[in-house]
Amino acid sequence: MRAENRFTLFLIPSRGAHVTEPDVLVIGGGPAGLSAAVEAARAGLAVELVEQRETIGGAIYRQPIPGANPMPQAAAAKARWNTLSRAFAESRVATRHASVFLGVEADGLVLVDDRRSGRVACLRPKAVVLATGAVETVHPRPGWHLAGVSTVGGLQVMMKERGRAPQGRVLLAGNGPLLIAAAAQMARLGNPPIAVVEAGDPLRRVCGGARMLRFPGLLREAGRYLIDMRRSRVPWLRGTRLAGIEREGEAFSILLEDARGTRRLKADRVALHDGIRPNDFGLPPDHRGAAPGPLVLRAGDCREALGVLAAEADGRRAGRLVAQHLSGKAKDVAEAERVIARNRGAQATLAELFAPLPGTMPFEDLPDHTVLCRCEGKTVGDLRALCSRPDRLTGREVKHNGRFAMGSCQGRFCAANTAALMARMHPAAPPPVPEDLTGRRWPARPVSIGSLVQAASQDNEMTDEVHK
Amino acid sequence: MSVRAPSAFPHTVVVVGSGIVGAATAYFLAKQGVEVRLIEAVAPAAEATGAADGAVSVASKRPGPMMAAALSGVRLYRELAEAGLFSGLFKSRSTFIVAASEAECSVLQTHAAALSAAGVRVDLLSQAMVRQRMPAVSGRALMAVEVHDEGHAIGYQIVHRLLTAAGIVVQRRTMVEGILSGARANVVRGVMTQHGPVEGDAVVVAAGTGSGRLLGLSDVLMPRKGQLLVTERAPELNAGLPGAIMSGRYLLSKGSQGGGQGAPARGLGLVIDPLRTGQFLIGGTREDHGDRLTNDVGAVAQILRDAVALLPGLAHVRLLRSFAGNRTAVADGLPLIGRVSGCDNLYVATGFEGDGICLGPLTGKAVADLVCGREPSFDLRPFDPARFGVREVAA
């Protein structure tokens with residue numbers, strides 16, 4: 001019997017008149033998404049915003065949960081949020097809360113997992129703006145995956161939501177300015193970290209420091225953080241790397257290394273941060289207009305991780321580009337591009353200032369037992385064993401045969417690290433990119449089968465609720 | 001019969017394509033002491049093998065050459081698992097074909113009798129027995145046929161194991177542009193690649209749909225897209241299933257879809273396979289048209305709707321990945337395996353459509369035997385490429 005006899009004919013469910021069709025669907029309610037929505041709405045387009053949480057603002061403008069005190073914040077940031085949130089409210093853009101973007105499927109339908117109704121909505125907008133923000137980079141170190149170890153950005157968001165600092169002895173470690181920002185916020189909330197471990201040493205980078213003078217806003221901000229840290233006597237251990245985390249009873253024993261040697265610290269919690277990168281896992285590529293499928297544009301940190309000011313400007317740029325594409329009328333994006341360029345310069349300067357010192361570089365001398373993929377429990381040693389033979393595997397083969405990036409996080413935590421480690425093992429080979437491991441197929445996030453079954457079975461009822 | 005053995009034992013053999021068929025051919029050639037040059041346009045298991053459902057199964061076969069081949073294919077997996085080569089990669093399990101209507105029941109009974117007559121061990125399970133044996137399966141299951149001694153293997157894992165065991169270094173990202181003719185008219189001396197010629201005493205083309213271009217068989221080979229789904233781990237539901245669940249609905253259309261004519265442009269044959277990891281593999285479609293890189297919500301929702309109807313607990317499990325691939329189909333529904341007519345040392349092995357994982361190792365072994373002048377261990381005559389006449393191949 002031939003293989004084809006296993007198959008019976010099936011019909012694709014019709015999906016015509018009852019699919020709701022906004023002109024523009026914006027994915028993500030952070031600064032980029034909100035400003036893109038505002039701009040597109042100002043141009044007269046019907047816009048909907050898809051936001052996975054119950055509130056807008058994204059990670060940077062995360063709102064306190066009911067009953068919690070808002071975290072003290074700088075006046076400028078408060079003013080920016082007030083302006084943006086007011087403009088968004090005035091734009092009367094409908095928001096789908098508790099909804100997660102799954103992807104653009106083969107026929108161009110945009111799939112949104114509505115977790116309130118337990119049903120996947122199939123939408124046919126003319127344009128999609130992806131504004132899914134950034135994710136934190138956390139390089140592998142022994143023990144990074146243990147319960148009780150989080151990201152610094154995660155701690156910050158928690159402080160914004162609850163208005164209080166995490167309890168106990170907290171150690172912040174990794175690389176970059178976010179560490180001192182979080183330390184200052186913890187200090188203001190009454191529980192400063194026991195130390196900030198920093199792989200770079202900004203105070204020794206004279207050229208970078210001089211260049212910082214071009215960004216007085218950033219300098220002022222950094223100065224405030226350092227003053228708060230100093231006031232709370234938080235040691236800033238520069239040129240130091242966190243080489244390992246071990247459980248010791250209820251607490252952690254943490255191994256630190258610097259040019260002078262090694263030492264150990266005890267802490268109840270550890271938060272790690274090695275920078276940010278676009279949250280672009282499983283996102284469709286930019287797509288300009290050819291059928292089938294909507295115009296797809298990325299905006300903000302998910303296009304280029306440059307921080308909140310650039311994200312807001314990039315949102316404006318994307319909103320205007322969408323309007324230009326759909327109306328055929330040229331729109332001015334020069335102002336937004338100037339802001340983006342300026343912030344690109346600022347981020348490059350910060351990166352130079354915070355460049356890790358020799359001996360603190362990521363991926364150096366990692367022990368084989370270091371976990372790389374925590375979903376599947378795969379280690380650096382597993383990767384080395386797979387990549388040390390004369391037959392050089394591609395990223396996709398490493399994924400398949402090592403199960404890296406195959407777990408339920410879909411590679412969010414390990415794909416970039418695995419690709420980076422592979423590139424270090426074989427510097428001469430074409431370097432793998434995280435997408436070799438993650439792929440670009442929908443669903444971009446795991447989705448309940450029950451919800452997906454609903455997507456097509458109730459086509460004639462698919463008048464998706466929109467929460468205004 | 002055109003599968004005549006060449007006179008001399010080959011020293012070096014060029015194999016084009018490192019899907020499961022090419023990798024198995026390379027492995028068995030290397031085992032016989034042949035130096036193998038394995039050339040691959042992309043990377044091992046990059047196409048159909050890497051997107052296959054992994055069935056090592058006779059359950060859906062009717063008596064005939066494909067059933068005979070599938071029985072040998074399953075047996076070889078079992079042997080290679082016991083010998084250690086496939087240890088940890090072959091999951092031995094039954095296939096349960098489930099009927100959900102009176103019509104399906106009667107067809108299923110006939111099918112079970114045919115399998116049994118061909119020597120396949122089958123059991124008929126009543127509704128009560130289905131419930132007792134597989135409480136997770138829907139009460140709509142009126143009966144089931146348990147096909148014993150089947151299994152599951154993941155194509156890319158098998159390929160990796162074969163290549164690793166044989167110590168073969170694959171020439172990745174190397175496109176074969178043509179076959180190089182030899183000193184005599186009926187002999188080839190290798191292939192031309194984008195990086196230059198690669199020579200050998202024989203050439204085996206196992207390049208899936210791409211084989212058509214190299215062998216003048218483009219009118220005979222065609223891609224058939226398939227879409228498949230993988231869930232997150234659901235250990236309890238997974239442990240409650242003693243084998244793969246196959247919908248008996250396909251049996252109803254038996255006879256209406258013969259030999260390529262009137263075959264549907266888009267078909268669905270539902271199989272739910274509980275994987276070793278605790279995940280489920282759910283498939284799949286068979287489509288004459290479509291981009292192998294994409295999945296559409298119509299097909300995915302339809303597959304899942306049918307899957308939930310059979311296994312309601314799946315509604316509470318999350319879908320982790322969807323993927324798709326193109327199998328290579330042959331116009332008459334049978335694979336091409338054997339020596340290419342008109343050439344003494346040129347061989348082809350492709351066109352397995354949905355049976356590549358099941359038949360890949362068996363085919364690789366048979367082709368290696370052919371190339372080395374030995375009698376293959378199973379009857380290749382029904383698959384002889386000569387049935388499509390002599391084609392102009394060598395440049």
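Start by selecting Arg92(A), which sits in the loop between helix H2 (75-91) and strand E4 (94-96) of chain A. Helices (H or I, at least four residues) and strands (E, at least two) here are DSSP runs, numbered from the N terminus. Check the backbone: Arg92(A) has a positive phi of about 55° although it is not a glycine. Most residues other than glycine have a negative phi, and most peptide bonds are trans.

Some housekeeping before you click on: this is a predicted model, in which local features need pLDDT of at least 70 and side-chain atom pairs count only at pLDDT 80 or more, while totals for chains, interfaces and linings use all residues. Residues are numbered from 1 along each chain as its sequence is written, chains are lettered from A and ligands numbered from 1 in the order in which they are written, and side-chain values use heavy atoms, with hydrogens and water left out.

**Two cis peptides**

Stay in chain A and pick Trp442(A) and Pro443(A): a cis peptide bond joins them, with omega about 0°. Pro443(A) belongs to the loop between helix H12 (434-438) and E22 of chain A. Now hop to chain B for another one, between Gly283(B) and Gly284(B), where omega is about -20°. Gly284(B) is part of strand E14 (residues 280-287) of chain B.

**A salt bridge inside chain A**

Over all chains, a search of the whole structure turns up 48 salt bridges, each being a side-chain nitrogen of Lys or Arg within 4 Å of a carboxyl oxygen of Asp or Glu. For one of them, show the side chains of Asp23(A) and Lys126(A), which meet at 2.8 Å, N to O. Asp23(A) lies in the loop between E1 and strand E2 (24-27) of chain A, and Lys126(A) in the loop between strand E7 (119-123) and strand E8 (127-130) of chain A, so the pair ties together parts that are 103 residues apart in sequence.

**Where chain A meets chain B**

Color by chain and bring up the interface: 53 residues of chain A are in contact with 72 residues of chain B, contact meaning heavy atoms within 4.5 Å. Together the two chains bury about 5400 Å², 55% of it on carbon and sulfur atoms; buried area is the accessible area (1.4 Å probe) that two parts lose on being put together, summed over both.

Between chain A and chain B there are 3 salt bridges. Zoom in on the one between Arg172(B) and Glu397(A), whose closest N and O atoms are 2.8 Å apart.

H13(A) gives the most, with 7 residues. The side of chain A that touches chain B divides into 27 nonpolar, 11 polar and 15 charged residues.

Next, select E22(A) with strand E15 (residues 318-330) of chain B: they pair in the antiparallel sense over 2 bridges. Two strands pair if DSSP finds at least two bridges between them. Look for Ser448(A), whose bridge partner in E15(B) is Arg318(B).

**Two sheets in chain B**

Last stop: the open sheet of 3 strands in chain B, E7-E8-E9, with antiparallel pairing. Strand E8 (residues 188-193) of chain B pairs with E9(B) over 4 bridges; pick Thr193(B) and you'll find its bridge partner, Gly196(B), in E9(B).

How values were computed. Ala, Val, Leu, Ile, Met, Phe, Trp, Tyr, Cys and Pro count as nonpolar, Asp, Glu, Lys and Arg as charged, and the others, Gly among them, as polar.
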